[in-house]
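Please look at the model first.

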Amino acid sequence: MATAKCVQIEQPGGPDAMQIVRREVGEPGEGEIRIRHHACGLNFIDVYQREGIYPLPLPATLGMEAAGVVEAVGAGVTHLEEGDRVAYAAAPPGAYSEARVMPAQNVCALPDGIDFETGAAMMLKGLTVEYLFNRTAKLKSGDTILFHAAAGGVGLIACQWARAVGVTLIGTAGTDEKCALAKEHGAAHVINYRSDDFVGRVKEITDGKGVSAVLDSVGKDTWDGSLDCLSPFGLMVTFGNASGKVPPFDPGILGPKGCLYVTRPTLFGHTTSREKVQEMADNLFAKVTSGDVTIRIDQRYALDDVAEAHRALEARKTTGATVLTV
């Protein structure tokens with residue numbers, strides 16, 4: 001039986017907890033495919049799973065996003081065929097591998113003109129922006145929002161998507177260079193949160209009104225200030241915790257701050273059927289193939305160098321997307 005290289009953890013831990021091993025791949029069963037990866041995406045959820053913040057059954061192969069070619073199709077799979085170019089953001093983890101057998105539901109045919117590295121870099125991050133904008137905040141032209149970590153992989157897609165649909169995006173980042181990058185990609189305003197008071201700047205930019213929504217993957221460090229940036233009945237969307245988990249808080253504070261709403265959505269809460277996944281993917285593909293959104297890949301690492309890639313991501317030394325080449 002064929003084997004494939006993969007990145008595995010036996011216990012939660014730091015980057016050095018990841019090991020390169022070989023495992024048997026096997027044949028796809030009902031509703032499954034076997035895929036040969038060409039590139040894998042790197043995301044903060046991979047770090048959370050590696051550290052045990054999001055516990056996995058152990059031993060576990062990491063990775064939630066990749067692109068490649070379908071090698072075999074199991075019974076009941078009708079939307080894919082052997083030889084199809086595909087990409088996905090999907091559970092269960094296992095994308096950090098040369099090849100794998102996985103459920104077919106969340107795997108989508110990759111449009112012509114989108115290469116494997118772009119496909120691997122765009123699915124989890126791009127579908128995240130799709131559900132944040134279209135299904136969570138339900139943004140419309142003329143809205144003003146605050147988006148933290150605007151120079152990251154999700155953030156740069158969000159900046160471009162917002163510009164394309166007429167949404168004013170105020171982006172934060174930790175360096176002047178990252179702020180310039182977010183501005184270049186469509187942020188209407190940028191704030192260096194290390195040198196500026198982002199709450200004061202948001203109030204200044206909005207003439208004291210605040211924003212209708214804050215979209216925040218940073219977590220602990222930006223939580224309190226983000227609530228103070230919202231207009232009455234505004235929506236606080238926390239979708240990650242790069243700086244650590246948001247501490248417990250008293251919901252009673254939301255009333256005096258303007259009858260605020262708080263939600264913690266996830267991508268995989270939205271991708272619950274083949275039809276929903278394809279609808280979301282089609283929206284993303286349309287943005288990319290039209291040129292409204294360009295997927296920026298600023299870091300590339302070999303699969304064997306995955307620990308180095310994780311260290312760079314955690315140190316916030318990356319911009320745009322990072323891919324692991326297989």
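β15 (residues 297–302), helix α9 (residues 306–314) and β16 form a right-handed β-α-β unit. Right-handed means that, with the strands pointing away from the viewer, the path from the first strand over the helix to the second runs clockwise. Helices (H or I, at least four residues) and strands (E, at least two) are DSSP runs, numbered from the N terminus.

This is a predicted model: local features need pLDDT of at least 70, side-chain atom pairs count only at pLDDT 80 or more, and totals for chains, interfaces and linings use all residues. Residues are numbered from 1 along each chain as its sequence is written, and side-chain values use heavy atoms, without hydrogens and water.

Strands pair if DSSP finds at least two bridges between them. β15 and β16 pair in the parallel sense over five bridges. There, Ile 297 stands opposite Ala 321. Strand β3 (residues 32–41) pairs with β16 in the antiparallel sense, over three bridges. Here Ala 39 faces Thr 325.

Is β16 enclosed or open? Four of its five residues (321–325) are buried, so the strand is largely enclosed by the rest of the structure. Buried means under 20% relative accessible area, exposed over 50%, and partly exposed in between (1.4 Å probe, protein chains only).

The whole structure holds 18 salt bridges. Each is a side-chain nitrogen of Lys or Arg within 4 Å of a carboxyl oxygen of Asp or Glu. Among them are these:

| Pair | N to O distance |
|---|---|
| Glu 71 and Arg 36 | 3.0 Å |
| Arg 50 and Glu 314 | 3.0 Å |
| Lys 140 and Asp 143 | 3.3 Å |

Arg 50 is buried, at 1% relative accessible area.
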